[in-house]
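Subject: Structure for you to look at

Hello,

Here is the structure I said I would pass on. Please open it next to this email and follow along; my notes are below.

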Amino acid sequence: AGKSLVAEVLMLRQLLFKGRRALLILPYVSICVEKVDELRRLWGGCGIRIEGLYSASDGTWHSGVDVGVSTIEKATGLLNRLLEDEVLLKDIGVIVVDEMHLLGDEHR
């Protein structure tokens with residue numbers, strides 16, 4: 001019903017108007033892969049750098065990443081590191097946890 005679109009608009013606003021990065025957390029690697037491809041296609045032309053942060057990716061969270069797309073497992077470690085370093089944490093404008101309803105879906 002448009003919740004993901006609203007979250008994407010909020011991420012984009014933080015990036016463009018406040019210069020703050022975004023972390024998008026999704027439940028499965030397959031959804032992360034799809035979302036990274038989609039966001040790169042939609043936002044890449046604007047110079048926004050999207051990085052996949054999940055087990056099968058080579059991505060890392062560094063200063064050149066505007067939007068990190070992560071699984072829950074990778075996000076846990078990443079958030080723990082960010083909480084230890086206030087400078088890095090202040091750089092994050094929004095953290096979105098999306099598609100969590102799929103965790104209980106038997107057909108997924």
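Before the notes, one term: two strands count as paired if DSSP finds at least two bridges between them. Please also keep in mind that this is a predicted model.

An example of a bridge comes from Ala-22, whose bridge partner in S4 is Val-94. S1 and S4 run parallel and are joined by five bridges. Ala-22 also stands opposite Val-67 in S3. S1 and S3 run parallel too, again with five bridges joining them.

The overall layout

The protein chain has four helices and four strands. Following the sequence, the pattern is α-β-α-β-β-α-α-β. Of the 108 residues, 40% count as buried. If you take the contacts between residues at least 6 apart in sequence, 63% of them join residues at least 24 apart. The accessible surface comes to about 6,600 Å², and 54% of that belongs to carbon and sulfur atoms.

The sheet

In what order do the four strands lie in the sheet? The order is S2-S3-S1-S4, in an open sheet with parallel pairing. Strand S2 (50–53) and S4 stand at the edges with a single partner strand each, so one side of each has no neighbour in the sheet. On average, neighbouring strands are turned by 15 degrees against each other, direction ignored.

Two helices pack on this sheet. H1 touches S1, S3 and S4, and its direction makes about 165 degrees with that of S4. H2 touches S1, S2 and S3, and its direction makes about 165 degrees with that of S3.

Strand S1 is worth a look by itself. Six of its six residues are buried. In a regular strand, side chains alternate between the two faces of the sheet. In S1 both faces are covered: Arg-21, Leu-23 and Ile-25 are buried on one side, and Ala-22, Leu-24 and Leu-26 are buried on the other.

In soluble globular proteins, nonpolar side chains tend to be buried together. The largest nonpolar core here has 18 residues, and the members that touch the most others are Met-11, Leu-24, Leu-39, Trp-43, Ile-50, Val-67 and Val-69. At least two residues each come from H1, strand S1 (21–26), helix H2 (29–43), strand S3 (67–71) and strand S4 (92–97). H2 gives the most, with five residues.

Val-67 shows how these parts meet. Leaving out residues up to four places away in sequence, Val-67 touches residues including Met-11, Leu-15, Ala-22, Leu-39 and Trp-43. Ile-48, Ile-50 and Trp-61 are also among the residues that Val-67 touches.

A second, separate core has nine residues, among them Leu-53, Val-65, Leu-78 and Ile-92. Leu-78 lies in helix H3 (residues 72–84). Is Leu-78 buried or exposed? Leu-78 counts as buried because its relative accessibility is 5%, and the cut-off for buried is under 20%. Apart from neighbours within four places in sequence, Leu-78 is in contact with Leu-23, Leu-53 and Trp-61. Leu-78 and Thr-60 are 18 residues apart in sequence, and their C-alpha atoms are 9.5 Å apart in space.

Some single residues

Gln-14 is in helix H1 (residues 3–18). Gln-14 has a relative accessible area of 16%, so it is buried. Setting aside neighbours within four places in sequence, Gln-14 is in contact with Gly-19, Arg-20, Gly-93 and Val-94. Val-94 is the residue named above as the bridge partner of Ala-22.

Two cysteines can be set side by side. Cys-32 counts as buried because its relative accessibility is 0%. Cys-46 counts as exposed because its relative accessibility is 61%, and the cut-off for exposed is over 50%. How many disulfides are there? The count comes to zero.

Then find Val-67 in S3, opposite Ala-22, and go on from Val-67 to Met-11 and Leu-39, two of the residues it touches.

Regards

Notes:
Residues numbered from 1 in each chain as written. Predicted model: local features only at pLDDT ≥ 70, side-chain atom pairs only at ≥ 80, totals over all residues. Heavy atoms only, no water. Buried < 20%, exposed > 50% of the residue type's maximum accessible area, 1.4 Å probe, protein only. Contact = heavy atoms within 4.5 Å. Core = buried A, V, L, I, M, F, W, Y, C linked by side-chain atoms within 4.5 Å. Areas by Shrake-Rupley, 256 points an atom, 1.4 Å probe, with all protein chains shown as cover. Disulfide = S-S within 2.5 Å. Axes fitted to C-alpha atoms, helices over the stretch in contact; angles between N-to-C directions.
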